Amino acid sequence: MSTVTVDIAPLAEAGDPAPVLLTVVEAARCLRVGRTTCFALIRTGELESLTIGGLRRVPADAPAAYLARRRAEQRAA
């Protein structure tokens, strides 16, 4: 099984480490989908997220995991 990588390095400021958590907009940008679509993926549980304070955040590895699952589903179909 191949792995899927999503490059989040452009989201980090120069000299900063890569982010561990992404905003919904950053996750949407990684997946090349709109903000509303990203929220829909979160609402259905397809894209992992968590709430910190009142803020919704997506683990940096969640977009790649979502893509890997989608690719596996399409291959199985």
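**View 1. The two sides of helix α2 in the predicted model.** The face of α2 turned away from its buried side carries two exposed residues, Thr-36 and Arg-43, in what is a predicted model of the protein. On the buried side of α2 are Cys-38, Leu-41 and Ile-42, and because they cover an arc of only 100° around the axis, these residues lie on the same side of α2. The elements against which the buried residues of α2 pack are α1, β3 (55–59) and α3. Just after α2, Gly-45 takes a positive phi of about 85°.

**View 2. The fold as a whole.** The secondary structure of the protein comes to 3 helices and 3 strands, and read along the sequence these elements follow the pattern β-α-α-β-β-α. Of the 77 residues of the protein, 27% count as buried, while the protein exposes about 5200 Å², of which carbon and sulfur atoms supply 54%.

View 3. The buried residues in α1 are Val-24, Ala-27, Ala-28, Cys-30 and Leu-31; since they cover an arc of only 160° around the axis, they are placed on the same side of α1. What covers these buried residues of α1 includes β1 (21–22), α2, β3 and α3. Just after α1 comes Arg-32, with a positive phi of about 60°, and this is a positive value in a residue other than glycine. Arg-32 is found in the loop between α1 and α2, where it has a relative accessible area of 74% and is therefore exposed, the cut-off for that class being over 50%.

**View 4. The largest nonpolar core.** This core has 14 residues, of which Leu-22, Cys-38, Ile-42, Leu-47 and Val-58 touch the most other members. Three helices, α1 (24–31), α2 (35–43) and α3 (62–76), each supply at least two residues of the core, and α1 gives the most, with 5 residues. Where in the fold is Leu-22 found? Leu-22 belongs to strand β1, and at 0% relative accessibility it counts as buried. The C-alpha atoms of Leu-22 and Pro-59 are separated by 6.1 Å, although the two residues are 37 residues apart along the chain.

View 5. Which residues does Leu-47 touch, not counting residues up to four places away in sequence? The residues that Leu-47 touches under that condition are Leu-31, Cys-38, Leu-41, Ile-42, Val-58, Ala-62, Pro-63, Tyr-66 and Arg-69.

View 6. Val-20, Leu-21, Leu-50 and Ile-52 make a nonpolar surface patch of about 320 Å². The place of Ile-52, one of the residues of the patch, is in strand β2, which comprises residues 50–52. Ile-52 has a relative accessible area of 42% and is therefore partly exposed, a class that runs between the 20% limit for buried residues and the 50% limit for exposed ones.

View 7. Side chains of opposite charge can pair when their charged atoms come close. The count for the protein comes to 1 salt bridge, in which the side chains of Glu-73 and Arg-70 meet at 3.9 Å, N to O; the cut-off for such a pair is within 4 Å. Because Glu-73 and Arg-70 are 3 residues apart in helix α3, they are separated by about one helical turn. Is Arg-70 buried, partly exposed or exposed? With a relative accessible area of 33%, Arg-70 is partly exposed.

Note on methods:
Residues are numbered from 1 along each chain as its sequence is written. This is a predicted model: local features need pLDDT of at least 70, side-chain atom pairs count only at pLDDT 80 or more; totals for chains, interfaces and linings use all residues. Side-chain values use heavy atoms; hydrogens and water are left out. A nonpolar core is a set of buried Ala, Val, Leu, Ile, Met, Phe, Trp, Tyr and Cys residues joined through side-chain atoms within 4.5 Å. Buried means under 20% relative accessible area, exposed over 50%, partly exposed in between (1.4 Å probe, protein chains only). Helices (H or I, at least four residues) and strands (E, at least two) are DSSP runs, numbered from the N terminus. Contact means heavy atoms within 4.5 Å. Patches are made of residues with over 30% relative accessible area and no salt bridge: like charges are joined within 9 Å, nonpolar side chains (Val, Leu, Ile, Met, Phe, Trp, Tyr) within 5 Å. Accessible areas come from the Shrake-Rupley method with a 1.4 Å probe; for residues, only the protein chains shown count as cover. The arc is that of the directions from the helix axis to the C-beta atoms.
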